[in-house]
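Me: I am new to this structure and would like to know what its terms rest on. Please take me through them one at a time.

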Amino acid sequence: MLRLFLLTSESASMAELGSAPANRMCVVPERTKLQIAMTIFQFGYAGNHVILRAALNMGISKLVFPVYRNIIAVLLLAPVAYFLEKKDRPALNATFLIQFFILGFVGIASNQSFYLLGLDNTSPTFASATENAVPAVTFILATLLRLEQVHLRRKDGIAKVLGTLTSFVGASVITLYKGPSIYRPNSSPDQAKLFFSLGDANVKNWTLGCISCFGHCLCWSSWIVLQAIFLKKYPAPFSVYSFTCFFGTLQLLAIAAYIERDPQTWQVHSGGELFSILYSGMIVSGVGFAIQIWVIQRGGPVFVSGYLPLQTMLVAIMASIALGEEFYLGGLIGATLIIAGLYLVVWGKSEESKFATTKVATSFMSENNQADGTGKSSLLQALLPGSSE
């Protein structure tokens with residue numbers, strides 16, 4: 001019955017406006033799924049900022065931790081990718097393997113190493129705030145590679161450019177100006193032990209932390225754009241991420257094995273460390289980044305990066321509760337500018353999509369409304385009885 005209703009509705013819609021309404025019926029649920037998926041990802045990733053900082057405060061190795069994290073992700077995703085995309089996955093060749101290796105180096109090894117180094121020398125809220133520059137960097141890279149178009153004579157193009165510039169100004173403010181503390185939560189010893197025994201949380205090297213955080217942003221943006229390009233040739237998102245994670249794990253393992261020679265460094269010493277490894281491996285690297293590459297394939301790189309400001313708010317709340325973290329004036333000003341710039345970019349993308357949809361619909365209607373001698377469109381003529389005579 002449902003199928004009959006859909007077919008009847010589709011025929012009626014085609015008789016009036018062609019296939020445009022039917023297309024809209026398909027697009028709206030798809031867009032909603034993508035939005036829900038990215039919201040879930042941001043909730044999971046926001047917790048990762050706080051949990052990883054706690055693990056670093058406990059003394060876990062910045063080189064060993066990502067090895068364990070990505071091993072868990074590979075073990076979780078590889079079977080799913082193998083069975084789910086068995087028919088869609090192209091045959092492997094040397095070119096694909098090289099591209100997987102590059103994706104692993106950019107998106108896993110370099111990306112996570114910069115992130116951990118930056119987080120260790122700053123704070124969860126700061127690391128999350130700097131990630132709001134990812135949409136602007138992604139937009140620039142996508143434009144240079146012609147994955148994104150900029151129309152400077154239209155308001156959507158101007159908004160995207162202004163938003164990008166504003167985000168960069170905000171990122172510069174965060175890097176160059178720390179400022180006085182504007183909020184210091186009254187945390188008790190019991191509050192500090194809410195989730196972990198946190199240890200020393202003092203900032204070590206703010207400048208190094210800033211540089212590392214923005215190196216992380218550059219790697220993440222590059223990774224998103226490269227995935228969008230590669231998925232056109234290898235349309236199996238879970239397989240792409242599984243191979244990427246596998247090669248990234250091998251690279252991290254080689255580096256960690258060379259530098260970390262002490263066997264004690266490779267041991268998990270507490271339940272908090274084990275929890276942080278499992279959380280990052282399963283929730284973030286496993287489920288989270290699998291969601292990311294799935295959304296990239298359907299919504300594009302700029303759509304994915306547009307949801308990062310949500311996690312900044314979530315991280316600030318979590319870090320204040322779990323870590324007793326302070327907030328600084330420079331971080332607040334910079335984050336505000338970054339979020340304002342991001343809003344302009346996302347608004348510009350939305351207006352660009354509306355313009356493209358309107359243009360296609362107008363063109364389609366113009367073609368179908370070219371009346372013949374009886375004043376009826378060719379589409380209506382085809383649907384009317386006796387049209388084949």
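**Asn48 and its surroundings**

Reply: Apart from neighbours within four places in sequence, Asn48 is in contact (heavy atoms within 4.5 Å) with Arg69, Tyr115, Tyr279, Ser280 and Val284. The model is predicted: local features need pLDDT of at least 70, side-chain atom pairs count only at pLDDT 80 or more, and totals for chains, interfaces and linings use all residues. Residues are numbered from 1 along each chain as its sequence is written, and side-chain values use heavy atoms, with hydrogens and water left out.

Me: Why is Asn48 called buried?

Reply: Buried means under 20% relative accessible area, with a 1.4 Å probe and protein chains only. Asn48 has 0% relative accessibility, so Asn48 counts as buried.

Me: What makes the link between the side chains of Asn48 and Ser280 a polar contact?

Reply: The term needs a pair of N or O atoms within 3.5 Å, one able to donate a hydrogen and the other to accept it. The side chains of Asn48 and Ser280 are joined at 2.7 Å, so the term applies.

Me: Which residues line the largest cavity, and how do they divide?

Reply: The lining consists of Tyr45, Asn48, Arg69, Asn111, Gln112, Tyr115, His216 and Phe289. Three are nonpolar, four polar and one charged.

Terms used:
Buried < 20%, exposed > 50% of the residue type's maximum accessible area, 1.4 Å probe, protein only. 1 Å grid on protein atoms, 1.4 Å probe; cavity = no way out; pocket = protein on both sides within 12 Å on 5 of 7 lines; lining within 4 Å. Nonpolar A, V, L, I, M, F, W, Y, C, P; charged D, E, K, R; others polar.
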